[in-house]
Amino acid sequence: MNNKFWKVAGFSFLIVFILAYWLGDRTIITTDVNGLSSAALLTDSEYFFRTAGYSLVITAIILLAVYLINWIQKKSRKQSS
């Protein structure tokens with residue numbers, strides 16, 4: 001079962017990272033002191049780390065969901081037998 005979690009973690013991180021990097025928005029809106037907004041482009045390293053951070057959070061949520069599903073299934077098997 002431990003091997004299953006590593007596979008889920010690896011594949012989910014890879015898929016989420018690729019999708020977020022491909023579909024993500026590289027521009028951010030900045031507001032100056034006078035209240036004027038303007039668009040700014042993120043550097044490659046900022047965009048990469050932002051995408052990696054989002055991917056890690058989403059992967060953690062997916063792993064938590066998989067763990068809870070397995071736990072509920074084990075609990076229901078114990079109660080039925």
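How many bridges join strand S1 (residues 27-31) to S2? The first legend gives the answer.

The structure is a predicted model, in which local features need pLDDT of at least 70 and side-chain atom pairs count only at pLDDT 80 or more, while totals for chains, interfaces and linings use all residues. Residues are numbered from 1 along each chain as its sequence is written, and side-chain values use heavy atoms, with hydrogens and water left out.

**View 1. The hairpin of strands S1 and S2.**
Strands S1 and S2 run antiparallel and are joined by five bridges; two strands are taken as paired if DSSP finds at least two bridges between them. Strands (E, at least two residues) and helices (H or I, at least four) are DSSP runs, numbered from the N terminus. Thr-27 has Leu-41 of S2 as its bridge partner, and Thr-31 has Ser-37 of S2. Five residues stand between the strands of this hairpin, where Gly-35 takes a positive phi near 90°.

**View 2. Strand S2 (residues 37-41) and its cover.**
Strand S2 is hardly covered, the count of buried residues among its five residues being zero. A residue is called buried under 20% relative accessible area, exposed over 50%, and partly exposed in between (1.4 Å probe, protein chains only). Ala-40, which has its place in strand S2, is partly exposed, with a relative accessible area of 26%. The C-alpha atoms of Ala-40 and Ala-20 are separated by 19 Å, with the two residues 20 apart along the chain.

**View 3. The salt bridge between Asp-44 and Arg-26.**
A salt bridge is defined as a side-chain nitrogen of Lys or Arg within 4 Å of a carboxyl oxygen of Asp or Glu. By this rule the count is one salt bridge. Asp-44 and Arg-26 form a salt bridge in which the closest N and O atoms are 3.0 Å apart. Asp-44 belongs to helix H2 and Arg-26 to the loop between helix H1 (2-23) and S1, so the pair ties together parts that are 18 residues apart in sequence. Asp-44 is exposed, at a relative accessible area of 54%, whereas Arg-26 is partly exposed, at 28%.

**View 4. Tyr-47 in helix H2.**
Tyr-47 is buried, with a relative accessible area of 2%. From C-alpha to C-alpha, Tyr-47 and Arg-26 are 6.6 Å apart in space, although 21 residues apart in sequence.

**View 5. A patch of positive charge on the surface.**
Lys-4, Lys-74, Arg-77 and Lys-78 gather in this patch. Patches are made of residues with over 30% relative accessible area and no salt bridge; like charges are joined within 9 Å, and nonpolar side chains (Val, Leu, Ile, Met, Phe, Trp, Tyr) within 5 Å. Lys and Arg count as positive and Asp and Glu as negative, with His and the chain ends not counted. The place of a charge is taken as NZ of Lys, CZ of Arg, CG of Asp or CD of Glu. Helix H2 (residues 44-80) contributes the largest share of the positive patch, three residues. Arg-77 has its place in helix H2 and is exposed, with a relative accessible area of 51%.

**View 6. A nonpolar patch on the surface.**
Phe-11, Ile-15, Leu-19, Trp-22 and Leu-23 form this patch, with about 630 Å² of accessible area together. Accessible areas come from the Shrake-Rupley method with a 1.4 Å probe, and for residues only the protein chains shown count as cover. Phe-11 is found in helix H1 and counts as exposed, at 56% relative accessibility.

**View 7. Tyr-67 in helix H2.**
Tyr-67 counts as partly exposed, at 44% relative accessibility. The C-alpha atoms of Tyr-67 and Leu-23 are separated by 28 Å, and the two residues are 44 apart along the chain.
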